[in-house]
Amino acid sequence: MARTYRVNAVTRWVNHAFAAMTRLGLGKSYRHILTVPGRRTGTPHSTPVDVMARDGERWLVAGYGVTNWVRNARAAGRVTLSRGGRSETLYVTELDPSASVPVLRQYLREVPVTRPYFAVTADSPDEDIAADAHRHPVFRLTVADIAVED
């Protein structure tokens, strides 16, 4: 049975620590700070996330499930990723469950901390991973051409 992600004082402290490390460029290279405007207020919200690189593309995986950043990213259509003082704005395109299987399989192998939140393992059949994919959306990241105003 997969665990449900809950935000509590410990979770907030861990996210704060990981965010500070990531802003300095420390820790796993796949970890980034995602900033996305809130879907109701437009206020920017930031949280640590994991980005997978595969086949020359980058993928954002919702390892803890459909959290607020997922809903906000769906509404905004783009996010900003930061790490070690560098930031970039990217478009997000959500994959359908069957297309997300290879990325989810890689994610399950490379990011052990989130495994308890999945109902499958990296060795599960494709059909089982696709069936669980609705709980862990995967987004393709593409470069956004953002005009800079002078």
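Let me begin just after helix α2, where G77 takes a positive phi of about 80°. Helices here are DSSP runs of H or I with at least four residues, strands are runs of E with at least two, and both are numbered from the N terminus. Before going on, please keep in mind that this is a predicted model, in which local features need pLDDT of at least 70 and side-chain atom pairs count only at pLDDT 80 or more, while totals for chains, interfaces and linings use all residues. Residues are numbered from 1 along each chain as its sequence is written, and side-chain values use heavy atoms, with hydrogens and water left out.

Now to α2 itself, which covers residues 68-76 and in which W69, V70, N72 and A73 are buried. Buried means under 20% relative accessible area, exposed means over 50%, and partly exposed lies in between, with a 1.4 Å probe and protein chains only. Seen down the axis of α2, these buried residues fall within an arc of 165°, so they line one face of the helix; the arc is that of the directions from the helix axis to the C-beta atoms. What covers them includes the strands β1 (31-37), β2 (44-54), β3 (57-61), β4 (78-83), β5 (86-94) and β6 (138-143).

Which residues have the most contacts inside the largest nonpolar core? They are M52, V61, L104 and V138, in a core of 18 residues. Such a core is a set of buried Ala, Val, Leu, Ile, Met, Phe, Trp, Tyr and Cys residues joined through side-chain atoms within 4.5 Å. β3, α3 (97-110) and α4 (126-132) each supply at least two residues of this core, and α3 gives the most, with five residues.

Let us turn to strand β1, where I33 lies. Is I33 buried or exposed? I33 is buried, with a relative accessible area of 3%, and I33 touches, among others, A19, T22, P48 and L81, not counting residues up to four places away in sequence; touching means heavy atoms within 4.5 Å. I33 and V101 are 68 residues apart in sequence and 24 Å apart in space, C-alpha to C-alpha.

Finally, the helix α1 (residues 9-23) holds F18, and F18 is partly exposed, with a relative accessible area of 31%.
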